[in-house]
Amino acid sequence: MATKRMDVLVYSGNGSTVESVRHCLYSLRRLLSPTYAVITVTGNAIIKEPWTASCALLVFPGGADLGYCRTLNGEGNRRISQYVERGGLYLGFCAGGYYGSKRCEFEVGKKAMEVVGNRELAFFPGTCRGCAFSGFVYHSEEGTRAVQLRTSKAALSKGTVPDVFRSYYNGGGVFVDAPQLNHRGVEVLASFIEELDVDAGEGSACVVYCKVGDGAAVLTSTRLRGDRFAASNLDPTINLPGYDKIVKALKEDDQQRTDFLKACLLKLGLQVSQEQTAIPSLSRLHLSSAETADTSRLIEALRDIITEQDGEEYIVDENDTFHLEKPSRWSLGSIADALPSMTDGSSEQREEENGDDQEKIIDYDKIVKRLVIHDADQPESKDTPYFNHHAYVANLKHYESQSRGSGRTFGKELLYGEVVTSTNTLLEK
């Protein structure tokens with residue numbers, strides 16, 4: 001029986017940036033949940049793990065495509081190409097657009113910035129040439145623009161498609177002579193309206209759809225939404241001439257950009273949520289053991305890394321901070337009351353979580369995780385309504401009575417949470 005493809009994998013390996021990946025995850029989850037699980041994938045996983053069978057869409061966010069090349073040239077790109085040709089889907093934003101083209105030409109003639117070379121994926125069978133607009137500076141907003149794009153409604157038959165909208169631009173290219181490649185499965189989905197600073201050949205394609213075997217790819221040279229796209233995630237106070245006006249213009253066209261991205265996802269054959277799905281708040285974590293005394297022993301074993309602040313106990317780890325609580329302190333109060341001042345900017349996080357601006361991205365790594373220590377009894381159903389700890393322990397003990405050897409210790413300690421960040425990160429860092 002064929003495996004249902006339900007994973008949307010966002011590349012987070014060499015060449016990507018933390019910010020681009022985080023913004024991409026947030027925005028695509030709002031548009032594709034609950035049908036798809038939007039998660040990250042590393043270069044090593046692409047090369048070695050069996051990801052293709054369950055992957056509905058592979059996404060390459062903004063970053064630097066030379067980093068992608070260093071990691072994936074050879075076996076990694078072979079697997080990506082094979083995946084798409086056999087029915088898979090690829091979405092490349094900005095650097096991901098360069099990377100998905102047959103040839104990348106970036107800032108040719110500028111020695112400190114020039115990147116020129118063929119690319120192995122070659123979903124777009126031509127050249128992506130940039131920067132489309134001059135002024136780009138690495139690791140800076142100096143070259144940012146709110147560029148105007150004109151859509152091709154003939155190529156986008158599903159969804160609400162705006163005629164014209166403004167999009168965030170910072171360093172992307174133009175897909176050279178894209179209209180001439182229609183016979184090779186290329187369709188132009190959107191084009192730059194303004195005059196470009198590089199030779200675009202025929203047309204001025206900014207977003208293209210490429211038929212690749214039984215699959216397809218959408219490549220874009222601007223950042224529509226899944227990267228840094230929502231204007232609410234741009235800082236209008238950045239000290240650059242006219243930057244506040246750019247943010248204002250992008251905010252005015254937020255809905256049009258969202259509609260266009262939805263239309264692109266529908267073009268790829270994905271199921272898109274009609275209403276943007278809200279991202280739920282993090283839940284508390286519950287630590288318990290089959291024998292409650294073991295929970296106390298486990299906490300004592302962690303005593304060396306437990307710190308105290310204002311009478312409260314915390315574990316400050318490499319990536320996360322955990323606030324240790326007793327079950328008696330559990331309440332259904334607002335998350336604003338629950339967030340302590342253990343990390344810088346926690347008041348801002350509270351505003352983001354509770355404020356009216358639902359587009360604002362929250363850095364969940366900085367939010368203190370609430371860890372409830374159940375050292376007297378199992379968690380009650382009101383605390384964990386989707387999981388019955390008492391039934392779990394009863395079945396575990398029955399299993400132990402029927403087992404021998406190592407099975408007698410399996411599953412005795414349990415860390416339970418309903419809405420969490422990365423489980424790998426929580427447990428390993």
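Colleague: Leaving aside its neighbours within four places in sequence, with which residues is Arg5 in contact?
Modeller: This is a predicted model, in which local features need pLDDT of at least 70 and side-chain atom pairs count only at pLDDT 80 or more, while totals for chains, interfaces and linings use all residues. Residues are numbered from 1 along each chain as its sequence is written, and side-chain values use heavy atoms, with hydrogens and water left out. Arg5 lies in the segment before strand S1, where helices (H or I, at least four residues) and strands (E, at least two) are DSSP runs numbered from the N terminus. With contact meaning heavy atoms within 4.5 Å, and its neighbours within four places in sequence left aside, the residues that Arg5 touches are Tyr36, Thr52, Ala53, Ser54, Cys55, Ala56, Tyr83, Arg86, Gly87 and Gly88.

Colleague: What separates the C-alpha atoms of Arg5 and Thr52?
Modeller: Arg5 is partly exposed, with a relative accessible area of 30%, on a scale where buried means under 20%, exposed over 50% and partly exposed in between (1.4 Å probe, protein chains only). Arg5 and Thr52 stand 47 residues apart along the chain, yet the separation of their C-alpha atoms is 8.6 Å.

Colleague: How many of the residues of S1 are buried?
Modeller: Asp7, Leu9 and Tyr11 point one way from S1 while Val8 and Val10 point the other way, and all of these are buried. In a regular strand the side chains alternate between the two faces of the sheet. For S1 (residues 7–11), which is mostly covered, the count of buried residues is five of five.

Colleague: Which strands do the buried residues of helix H8 pack against?
Modeller: Within H8 (residues 292–301) the buried residues are Asp294, Thr295 and Ile299. Seen down the axis of H8 they fall within an arc of 140°, taken from the directions from the helix axis to the C-beta atoms, so they line one face of the helix. On the other side of H8, Arg297 and Ala301 are exposed, whereas the buried residues pack against S14 (285–289), S15 (306–309), S17 (321–325), S18 (369–373) and S19 (413–417).

Colleague: Which exposed residues does helix H6 carry on the face turned away from its buried side?
Modeller: The buried residues of H6 (residues 243–252) are Tyr243, Ile246, Val247, Ala249 and Leu250. They cover an arc of only 165° around the axis, which puts them on the same side of H6. Their cover includes S8, strand S9 (164–169) and helix H7 (254–267), while the face turned away from the buried side carries Lys245, Lys248 and Lys251.

Colleague: Is Asp310 buried or exposed?
Modeller: Asp310 has a positive phi of about 55° although it is not a glycine, and the residue is found in the loop between S15 and strand S16 (312–316). Asp177 likewise has a positive phi of about 55° without being a glycine, in the loop between strand S10 (173–175) and strand S11 (186–192), and is partly exposed at a relative accessible area of 26%. At 74% relative accessibility, Asp310 counts as exposed.

Colleague: What share of the 429 residues of the chain counts as buried?
Modeller: The chain has 12 helices and 19 strands. Among contacts with a separation of 6 or more, 72% come from residues 24 or more positions apart. Of the 429 residues, the share that counts as buried is 50%.
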